[in-house]
Amino acid sequence: MFDFLIEGFGVALSPLNLGLAFLGALLGTLFGALPGIGPINGIAILMPLAYTLGLPAESALILLAGIYTGAEYGGRMSSILLNVPGDAGAVMTTLDGHPLAKQGLAGPALGLSAVSSFVGATIAIIGLTLFAPLLAEVAVMFGPAEFFALMIFAFSSMAVMMGKDPVKTAIGAVLGVLIATVGVDGGTGVMRFTFGMPELYDGVDFVVMIIGLFAISEILLMLEHAHRRDADDEMPPLGRVFVSLKEVLHCKGAMGRSGLLGFIIGVLPGTGASVAGAVSYTTEKRLSDKDGTFGKGDMRGLAAPEAANNASAAGSFVPMLTLGIPGSGTTAVLLGALMLYNITPGPMMFTERPEVAGGLIASLYIGNIVLLALNLPLAGVFARVLTIPRWVLVPAIAILAFVGVYQLHSDLTAIYLMLIIGVFGYLLRKLGFSLAPVILGYVLGGLMEQNLRRALSISGGDAGILWQSGISLGLWIAAAALLVLPWLVPKLLAGRSRRHAG
């Protein structure tokens with residue numbers, strides 16, 4: 001069962017991959033520390049560079065996974081010091097992290113968040129090691145109908161759990177699916193939404209899509225806010241960075257519970273760190289906030305979302321590696337990275353490409369230790385990244401984005417398309433839409449169409465095949481329950497409370 005992991009450590013411990021794991025952890029922490037950049041932008045910017053450098057698939061994935069996990073560590077810095085979340089997953093960290101910093105405990109808060117991140121990620125990586133091969137064995141039995149039902153479940157999970165507005169989440173996912181339909185129809189040869197442009201016959205390129213949607217839209221937002229200064233921009237003094245053993249032990253229950261909860265949420269397709277952080281914080285508040293200290297600088301309120309965020313990041317690799325379904329917006333980008341190398345993630349990956357699956361999981365163990373070693377003593381150094389002026393940051397991101405796309409395509413049409421998508425992403429963000437559902441819809445849309453076509457081809461056009469097996473029927477029922485329960489449960493509770501009041 002663990003042969004893939006033994007081979008994976010052989011891959012991950014090579015000098016090149018050790019160096020890439022360290023580089024990914026370092027760059028990820030820096031990307032995470034900068035508000036608004038986050039793991040998706042970091043991976044989107046560096047993915048084409050990793051590919052054009054000729055790195056092997058396992059090495060590129062180790063680098064990009066290091067950026068992902070490192071950014072989850074780094075996102076806490078601006079949340080604690082400036083009350084500005086580094087990314088969506090760090091929103092709940094501000095609630096108790098920044099009050100601690102105002103009390104003169106910025107250093108211990110950074111230290112505790114690093115330890116919590118390490119504990120949460122460790123729980124999730126162990127869970128990934130144990131459950132991913134088992135799930136892969138079950139997924140081998142999946143046919144096109146089961147995979148189509150799984151995509152429907154993923155969209156239902158995304159609509160309910162990702163973002164504050166399910167309607168906007170659903171609209172974003174539909175927009176992503178529509179973009180995925182651009183190009184020549186593989187079944188009929190019909191041109192779809194190409195507008196007579198040969199450059200669109202193969203569809204919208206994945207790298208152009210993610211760099212435009214995330215990096216270019218972020219540049220436009222940075223330019224819009226370039227002259228604004230927040231009253232909270234002054235960083236408090238760090239003081240001692242190392243957290244005491246007593247403080248860690250005080251939060252051990254919060255870290256353990258939130259790490260486990262974050263892993264479970266991360267495994268659900270389309271959720272991500274923001275959902276894990278919110279659920280873990282509210283759960284821990286109900287269990288531990290006996291004195292009403294949460295939100296006023298309680299260390300358990302800081303430890304819970306940090307453990308959950310990082311556990312969710314590792315947990316999101318489970319559906320990606322075993323089912324080919326992204327567990328979060330960032331793993332959707334990593335899924336695209338694998339497709340650049342003509343690797344199809346799924347249940348056969350553990351047997352056909354064990355060096356990729358095993359190397360990735362082994363590198364997560366190594367990267368987690370590296371991140372703790374970097375983030376405890378060097379928190380003060382990383383915190384200085386927050387002082388980088390926008391007039392340096394914006395051109396640097398723009399240069400990396402343009403160079404990355406041009407290196408892959410050597411075509412100005414790709415640059416123009418990237419800019420158009422960037423403006424589209426900027427407008428969506430201004431209207432309050434999250435971009436993660438768009439990229440998830442884009443990735444899942446093509447896979448859903450392929451599996452629907454295959455299933456109907458097998459059945460001779462009979463739609464009953466889509467819910468004929470027990471697995472596909474169970475997934476359809478689960479998808480329906482996810483959509484109905486959030487609306488039904490509050491209605492039932494309200495009716496019950498009215499009856500008691502009467």
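Leaving aside neighbours within four places in sequence, cysteine 251 is in contact with Leu112, Met299, Arg300 and Ala303. Cysteine 251 sits in the loop that runs between helix H10 (245-250) and H11. With a relative accessibility of 0%, cysteine 251 counts as buried, because buried means under 20% relative accessible area. Along the chain, cysteine 251 is 55 residues from glycine 196, and their C-alpha atoms are separated by 60 Å. The model described in this report is predicted.

## The nonpolar core

The largest nonpolar core has 143 residues. Within this core, the residues that touch the most other members are Met209, Ile210, Ile211 and Phe317. One of these, isoleucine 210, touches Ala44, Met47, Ala215, Val333 and Ile439, when residues up to four places away in sequence are not counted.

## Packing of H4 and H15

Two packed helices are described by the angle between their axes and the distance between the axes. For helix H4 (residues 57-82) and helix H15 (residues 329-340), the axes come within 11 Å and cross at roughly 170°. H4 is therefore roughly antiparallel to H15, since angles over 145 degrees count as such. On the H4 side, the contact is made by Leu61, Leu64, Ala65 and Tyr68, and on the H15 side by Thr330, Thr331, Leu334, Ala337 and Leu338. Sorted by class, this contact of H4 with H15 has seven nonpolar residues, two polar residues and no charged residues.

## Salt bridges

Side chains of opposite charge can pair when their charged atoms come close. The count of salt bridges in this model comes to six.

| Nitrogen partner | Oxygen partner | N to O distance |
|---|---|---|
| Arginine 429 | Glutamate 218 | 2.6 Å |
| Arginine 257 | Glutamate 284 | 2.6 Å |
| Arginine 453 | Glutamate 449 | 3.4 Å |

The salt bridge of arginine 429 with glutamate 218 links distant parts of the chain, for arginine 429 lies in helix H20 (residues 412-430) and glutamate 218 in helix H9 (residues 206-224), 211 residues apart. Arginine 429 counts as partly exposed at 27% relative accessibility, whereas glutamate 218 counts as buried at 7%.

The salt bridge between arginine 257 and glutamate 284 also joins two helices: arginine 257 belongs to helix H11 (residues 252-267) and glutamate 284 to helix H12 (residues 273-288), so the pair ties together parts that are 27 residues apart in sequence. Here arginine 257 is partly exposed, with a relative accessibility of 40%. Glutamate 284, in contrast, is buried, its relative accessible area being 2%.

The pair of arginine 453 and glutamate 449 lies within helix H21 (residues 436-459), where the two residues are four residues apart, about one turn of the helix. Arginine 453 is partly exposed at 35% relative accessibility, and glutamate 449 is partly exposed as well, with a relative accessible area of 23%. Salt bridges that share partners join Arg192, Glu449 and Arg453 into one network.

## Loop residues with positive phi

Phenylalanine 193 has a phi near 55°, a positive value in a residue other than glycine. This phenylalanine 193 is found in the loop between strand S2 (191-192) and H9. Asparagine 342, likewise a residue other than glycine, has a positive phi near 60°. The loop that holds asparagine 342 runs between H15 and helix H16 (349-352). Asparagine 342 is exposed because its relative accessible area is 73%, and exposed means over 50%.

## Isoleucine 471 in H22

Isoleucine 471 lies in helix H22 (residues 470-501). Its relative accessible area of 33% makes isoleucine 471 partly exposed. Apart from neighbours within four places in sequence, isoleucine 471 is in contact with Phe142 and Glu146. Isoleucine 471 and glutamate 146 are 325 residues apart in sequence, and their C-alpha atoms are 6.5 Å apart in space.

Terms used: Residues numbered from 1 in each chain as written. Predicted model: local features only at pLDDT ≥ 70, side-chain atom pairs only at ≥ 80, totals over all residues. Heavy atoms only, no water. Core = buried A, V, L, I, M, F, W, Y, C linked by side-chain atoms within 4.5 Å. Buried < 20%, exposed > 50% of the residue type's maximum accessible area, 1.4 Å probe, protein only. Contact = heavy atoms within 4.5 Å. Axes fitted to C-alpha atoms, helices over the stretch in contact; angles between N-to-C directions. Parallel < 35°, antiparallel > 145°, perpendicular 65-115°, else oblique. Nonpolar A, V, L, I, M, F, W, Y, C, P; charged D, E, K, R; others polar. Salt bridge = Lys/Arg side-chain N within 4 Å of Asp/Glu carboxyl O.
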